[in-house]
Amino acid sequence: MTAPFQRRLALLVSVAGAVIVALDGTILLVAQPSLQRDLGASMARIQWTSTGYLVAVAALLVIAGRLGDRYGHPRLLFVGVLGFGAASAGIALAPSVGWVVVLRVVQGGFGALLQPATLALLRLTYPSERLGTAIAVRTSAIAVAAGSGPLLGGVLVALWGWRAVFWVNVPVACVIAALVLAVRTPPLERADSSRLNLPGAGLLAIALAVLVHALAGVPARGWTAATTLLELLAVAGGVALLVRHERRATHPIVPPAVAWSVPVTASMAILLVTSAGLFGTLFRATFHLQDALGLDPLTCGLRVLPLTVFMVLGSPVADVALRRYGARRTAIAGTGLVVAGIAGLSRLDATGPWMVMGAAFAVIGAGFATVMVTATGTVVGDAPPGYAGVVGGLKQTAMNIGPTLGIAVAAGATGSAVSTMSSALPALAALTALGLLPAWRLPRHDLTSKSVLTG
């Protein structure tokens, strides 16, 4: 098969792998009420169907990327997507909510295996001058999946019940796995052929798992609850132990070439705070639209639709801007748009015109697409040879922790029962504005067009 065909096939697999994960998260939100009624579960157990998955994904993403760098990303993607589909089938057959929670954790583990590999495939198969376009296509597809998830989930639940949202993953996973077998990637230089640093991997997994669990509990417990403070203290202690271990380790879990890369670390920080701002804003906006304005879920989704539309439209524009103006200016512009959109929403009340709200969501969507394309392109383009997987894992970790942090800020600022957006959005705008600092550390040029990619 020709190189252009292999590139298109790799892009298809990368997009499909990212989309199945994005769809799964948003579809589940619609299915949870039906799942609760059918299995007679408490709200706390239902929450764990999401929290357990997030904890598993966040804990294992970087480790999964490291394994991909060692054993091959197509292999990890193949195992991950098949395991994801098998866990979905198990959830669809689950007789109790306890089984659902356990299998959601398993599903999260397999999801962690496949996510870094979807980015690494693009890193391995696309030449530098075309990498940005592939990333823009992937970003647009994720936006479409996330935006259409609630609608698709509503249709599936209405027709066949909550189990259908998990059955739908099974044939899709099988198709993706078959496509992975046809992908041929050039041999990747292994910067480090040593065995996995198990103590470092364990410390990292524990720290990330406890962090996500602490943040996920903030909406119910608050920031000042003893449990929250103890968990955050445990995270700080775990990070201190991890840093000490990594400095002494011969082969650290996060290689120095990655840990000391300014473009990579800056991109991680930008993705963390902007995704926190976006998802925290969506969390607060949902309460405002349904509680203050009395809108039904479908109408609420339509009000937010400009965000998805402009994420899709903004991705290719961001690719052009990245190549023309460089990573620094493009990231600053994108972050500024997200901040401006959140600040604009914070000034609206129950009598605010819907067109103004739609415009604010459009600005947020365009800005977030710009940040995603720029930061992802910078991360992938600056990945040292042999470390595409661990860099992809770090990127996905930021994208998983960020939304949890944003919802914690949005709910913890005033309590989730408050339906006004002005109560929490200024804090989210300020949090997002912190992304301007690392954006300024990005290079002026576009790394995706300057760096030399292996293969």
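**The second largest pocket**

Author: The second largest pocket holds about 960 Å³ of space. It is lined by 29 residues, and Leu-204, Val-239, Leu-242, Val-254 and Leu-394 are the closest to its centre. The model is a predicted one, so local features need pLDDT of at least 70 and side-chain atom pairs count only at pLDDT 80 or more, while totals for chains, interfaces and linings use all residues. Residues are numbered from 1 along each chain as its sequence is written, and side-chain values use heavy atoms, with hydrogens and water left out.

Some terms first. The search runs on a 1 Å grid over the protein atoms alone. A pocket is an open set of points with protein on both sides within 12 Å along at least five of seven lines; a cavity is a set where a 1.4 Å probe fits but cannot get out. Lining residues have an atom within 4 Å of a point. Points are joined across faces, edges and corners, and the volume is the space filled by probe spheres set on them. Rolling a probe the size of a water molecule over the atoms shows where empty space is left.

Which helices supply the lining of the second largest pocket? At least two residues each come from α8 (198–221), α9 (226–248), α10 (256–259), α11 (262–292) and α15 (388–414). The largest share is that of α9, with 6 residues. Helices (H or I, at least four residues) and strands (E, at least two) are DSSP runs, numbered from the N terminus. The protein has 18 helices and 0 strands.

Now to single residues. Ser-267 sits in α11, one of the helices that line the second largest pocket. Ser-267 counts as buried because its relative accessible area is 0%; buried means under 20%, exposed over 50%, and partly exposed in between (1.4 Å probe, protein chains only). Beyond its neighbours within four places in sequence, Ser-267 is in contact (heavy atoms within 4.5 Å) with Ala-375, Thr-378, Val-379 and Leu-442.

Not counting residues up to four places away, Val-379 touches Val-264, Ser-267, Met-268, Val-391 and Lys-395. Its C-alpha is 6.8 Å from that of Pro-263, 116 residues apart along the chain.

Next, the cores. A nonpolar core is a set of buried Ala, Val, Leu, Ile, Met, Phe, Trp, Tyr and Cys residues joined through side-chain atoms within 4.5 Å. The largest one has 69 residues, and Val-258, Leu-345, Phe-361 and Ile-364 have the most contacts inside it. Another core lies apart from it, with 34 residues, including Leu-28, Leu-39, Ile-91 and Val-97. In soluble globular proteins, nonpolar side chains tend to be buried together. Leaving aside neighbours within four places, Ile-364 is in contact with Leu-278, Thr-281, Leu-307, Val-338, Gly-341, Ile-342 and Leu-345.

Gln-115 lies in α4 (residues 97–125). It is buried, at 7% relative accessibility. Its contacts outside four places in sequence are Val-21, Tyr-53, Val-57, Leu-61, Arg-138, Gln-396 and Asn-400. Val-57 is 58 residues away in sequence, and the two C-alpha atoms are 9.3 Å apart.

Two residues have higher values. Arg-8, in α1 (residues 3–39), is exposed at 53%. Val-144, in α5 (residues 128–160), is partly exposed at 42%. Val-144 touches Thr-308 and Val-312, not counting residues up to four places away.

The whole structure has 1 aromatic pair. It is Trp-162 with Phe-166, edge-to-face, at 6.2 Å centre to centre and 80° between the planes. Rings of Phe, Tyr and Trp (its six-membered ring) pair if their centres lie within 6.5 Å; planes under 30 degrees apart are stacked, over 60 edge-to-face, and the rest tilted. Trp-162 is buried at 3%, and Phe-166 at 1%.

Last, the overall view. Of the 455 residues, 56% count as buried. Among contacts with a separation of 6 or more, 85% join residues 24 or more positions apart.
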